[in-house]
Amino acid sequence: MDVLHLVAGVDFNTLPQQLVNGLLLGAIYALIALGYTMVYGVLRLINFAHGEVYMLGAYVALFVSYFFGFRPDSVHPTQSSVMNLLIMLLASMVICSLVGITIERFAYRPMRSHSRIASLITAIGVSLLLQYGGALFLPNSPPPSISEKVNPYSGQSKDFTLAKPSPALLEQARQAEPAAAQAKAALDTYLKSHPDENLFNLSAEGKVLRTAAQDAERKEADLKRQAESGGVKLIIQTGQATMLLSTVVLMGLLTYMVLFTKAGRAMRAVAHDFDSASLMGINVNTIVTFTFILGSSLAGAAAMMTATFLGTPLTTFYGLVPGVKAFVAAVLGGIGNIPGAVLGGLLMGLAENMVVWLGYSNYRDAIAFVVLIVVLLFKPGGLMGSAKVEKV
Amino acid sequence: MKFWITRLISIAVAIGGCMLLQSLAGRMNDYQQRLIILIGLYVTLSVSLNLINGITGQFSIGHAAFYQVGAYLTGYITVNYFAKQPVHGVWWLVLMVLVGGIGAAVAGLIVGLPSLRLRGDYLAIVTLGFGEIIRIIVQNQKALGGSYGMNVAPKYQPIALVWLLAILCIAVCRNLLKTAHGLPFLAVREDEVASSAMGVNVTGVKVTAFMLGSAFAGAAGALLAHFEGFITPTTFGMDVSFIILTMVVLGGTGSITGSVIAATLLAYLPEYLRGLKDASGATLQVSGSLVVAWMIAVAIAVSLMRWVITHHHGQKLQRVGMLVGALFAGVVVRYLSGFLLDKIPALSGRLIPIDQVRMVIFAIVLIVLMLLRPQGIFAHHEFSWSWLKRLFTRQPVPQTAVSA
């Protein structure tokens, strides 16, 4: 029974659209996951508060958009430009970096000499503090969302037809068109010639005409629907495309920083061996701060983009679910491994949209945990992680 | 012989005490009765989580899931089969408590299996994940009421049962610590590899701990379902797990006494806050500037105290004096910053109902505790009569290996 249902819910014509959506979502997860993975790589700490940094980034974007005049109650909305978006992005990234540094300096650094569980509990505490403390001061009921008008591309989209509907069906639909028009015209002329009758009050002759017109119309509509559902269409909003492009650019920047700068090399050294790196003259505290700046600014960028282009309403729990999913993505790719986080993020996004595609959209939040548990049970190092299992 | 007499008398005292509590509570109002029940349930939950987290050292943060399994399983059985069977009255509730415990133990077995391979923070995340999966599955079951929740009838007022369960839970954990049966658990906590080399069945110990702990949580869930008469998936969200975790951590991971006291305090706190009224009888509201002023004060006091703890190795009395001084500085900062922040209309104009501050307090308790005393208030220590005796007579008491 379940299998039958599973097959029945599947519509292969929507698969490409879901795959593309999954990819876009996955890019965002990847961006957040990078923050988790870098911090874990350097400090061996699950930064539970990372999702909350993401949440604050979305709020920063909201406030900056208010500053530009895109309040929900504004009567004369100004025309937005790409410049506004860039400023929002930068503001989110900068403020999130500051928040990240603050959390690291005052909550995580004092815990470094204690057990890892103590650090983890601190991280949970910081996360709860930002969620519930933020709820006291940030606007959250009714949940505000960034105005669509900030996005200069709002409403714009590009359609791609991947597979044309079959020509035979299209032809049939076209042929049905004149018949329907004819029947309707006949009904109209009849109504005109009998001014005392209307559609709901007809003589026997009129009723026959009405039935004929309705039948023809329904047949035409059915044929048209059949013809259209035979084709595969892909709709990509310009905003989404911008999002993907910015994500790729940011990831490129990160790769450059980690691989080709002095700080990046130091970061990799610290991730490899914390104590030895400090013996080699690397200022470990600076590098940890640098890591938090990188990770938190990426989270801020991701938050600004989701909040602006997807228009999700903001509450202080905005970062909880994406944060958890991004963490799962990081574990899936192999925590501590930067390309792994990107791969894991993309896979998570795809997996989630596949669940939606199969008709189980209620379970889209559960899939993350299922993936997590399966990965940890069978390949605890993750897809691209080292084979050596972490011995705590 | 003496052992059995003490045992039987203890059991009789426990049952008699709970009966007495029930009859005394009968004269109180609904609010007070509810408070007594909630505290009892939270004591059970935190002591049972302490068995997993503190005594066995398996860091689990998804305890609300087992609570939920017990509540929904027994709620479903009561809704569908209560009318069709011969057992009635309080015995049905006892039966349901057993069923809830067994059901949750099975769930604990399922969660305990991955714990064989995972440790530390990975295990924490997996338990959290299991909790969420169970919640999402329940949310999507029409038979369980989905996200609207489920009505459970008949309702009970199970004060005696709640506290008997709590006492049973405490007794099981206490006896585990006092007897040779508990030593493998402590050994696994201290070092898994070494204990397995000493012949401890590490797998068995972990699974036993998970099953025992979750069985008690499930039994508590059964009582909650039949007491409240209405349960929704949000009753068992992540925040409940974190509240239970806060209790265990605050009391001191591994200390039963600590768990009991912390559970009592933290279960009472939100009800106390909700009970605060202003002059007109509505829930008390505090200004945003006051909340921020307290946060700044806590931050300053904690950083000063931390400085004293880490850098100042003077005499004990001197240290205590400096810690008190830090607290005093915090209070001064509270009034100074409060005075300044009141000038900001955005903060002073924002009124916050005081019961919303609850989770913020829990979060701050977690952070402050980790910064100042990561081992919790009681650390590994337990309440004992000899400890009380020593307090008054100042005689040295021989320490056992377990308590040390």
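Predicted model: local features only at pLDDT ≥ 70, side-chain atom pairs only at ≥ 80, totals over all residues.
# Two chains, questions and answers

Biologist: Which residues touch the most other members of the largest nonpolar core?

Modeller: That core has 205 residues. In soluble globular proteins, nonpolar side chains tend to be buried together. The members that touch the most others are A:Phe48, A:Met88, A:Met305, B:Tyr42 and B:Ile61.

Biologist: Which helix gives this core its largest share?

Modeller: Look in chain A, at residues 284-310. They contribute 15 residues to the core, and the helix they form is α11 of chain A.

Biologist: How many residues are in the other core, which lies apart from that one?

Modeller: You can find this other core in chain A through some of its members, among them A:Ala180, A:Ala183, A:Ala213 and A:Ala216. Counting every member, the number of residues is five.

Biologist: How much area do chain B and chain A bury between them?

Modeller: Start with the contacts, where 44 residues of chain B meet 43 residues of chain A. Of the area buried, 79% is on carbon and sulfur atoms. The total for the two chains is about 3,900 Å².

Biologist: Which three residues supply more than any other three of the area that chain B buries against chain A?

Modeller: Together they supply 17% of the area on the chain B side. The trio is B:Asp121, B:Tyr122 and B:Ile125.

Biologist: Which element gives the most residues to the side of chain B that touches chain A?

Modeller: The elements that give two or more residues to this side are α5 (120-139), α10, α12 (288-311) and α15 (358-372) of chain B. The residues of the side divide into 31 nonpolar, six polar and seven charged. The top giver, with 13 residues, is α5(B).

Biologist: How many residue pairs are in polar contact across the interface of chain B and chain A?

Modeller: For salt bridges across this interface, the rule finds zero. For polar contacts, where both residues must be at pLDDT 80 or more, the number of pairs is three.

Biologist: Which residues are linked with A:Lys325 in a network of salt bridges?

Modeller: Side chains of opposite charge can pair when their charged atoms come close. A:Lys325 forms a salt bridge with A:Glu352, with the closest N and O atoms 3.2 Å apart, and this pair joins helix α12 to helix α13 of chain A across 27 residues. A:Glu352 also meets A:Arg364 in a salt bridge of 3.0 Å. The residues linked with A:Lys325 in the network are A:Glu352, A:Arg364 and A:Asp365.

Biologist: Why does A:Glu352 count as buried?

Modeller: The cut-off for buried is under 20% relative accessible area. By contrast, A:Arg364 counts as partly exposed because its relative accessibility is 30%. A:Glu352 counts as buried because its relative accessibility is 2%.

Biologist: Is B:Lys206 buried or exposed?

Modeller: The side chain of B:Lys206 meets that of B:Glu192 in a salt bridge of 3.3 Å. This pair links helix α9 and helix α8 of chain B, with the two residues 14 residues apart. B:Glu192 counts as buried at 16% relative accessibility. With a relative accessible area of 1%, B:Lys206 is buried.

Biologist: Which residue does the side chain of B:Thr232 join in a polar contact of 2.8 Å?

Modeller: Find B:Thr232 in the loop between β2 (230-231) and α10 (238-251) of chain B. Leaving out residues up to four places away in sequence, B:Thr232 touches B:Tyr72, B:Tyr148 and B:Gly149. Its partner in the polar contact is B:Thr234.

Biologist: How far apart in space are A:Val375 and A:Lys149, C-alpha to C-alpha?

Modeller: A:Val375 is in helix α14 of chain A. Setting aside neighbours within four places in sequence, A:Val375 is in contact with A:Val331, A:Leu332, A:Pro380 and A:Gly382. A:Lys149 is 226 residues away from A:Val375 in sequence, and the distance in space is 42 Å.

How values were computed: Residues numbered from 1 in each chain as written. Chains lettered and ligands numbered in written order. Heavy atoms only, no water. Core = buried A, V, L, I, M, F, W, Y, C linked by side-chain atoms within 4.5 Å. Buried < 20%, exposed > 50% of the residue type's maximum accessible area, 1.4 Å probe, protein only. Helix = DSSP H or I, 4+ residues; strand = E, 2+ residues; numbered from the N terminus. Polar contact = N/O pair within 3.5 Å; in protein donor to acceptor, adjacent residues only side chain to side chain. Contact = heavy atoms within 4.5 Å. Buried area = accessible area lost by both parts, 1.4 Å probe. Salt bridge = Lys/Arg side-chain N within 4 Å of Asp/Glu carboxyl O. Nonpolar A, V, L, I, M, F, W, Y, C, P; charged D, E, K, R; others polar.
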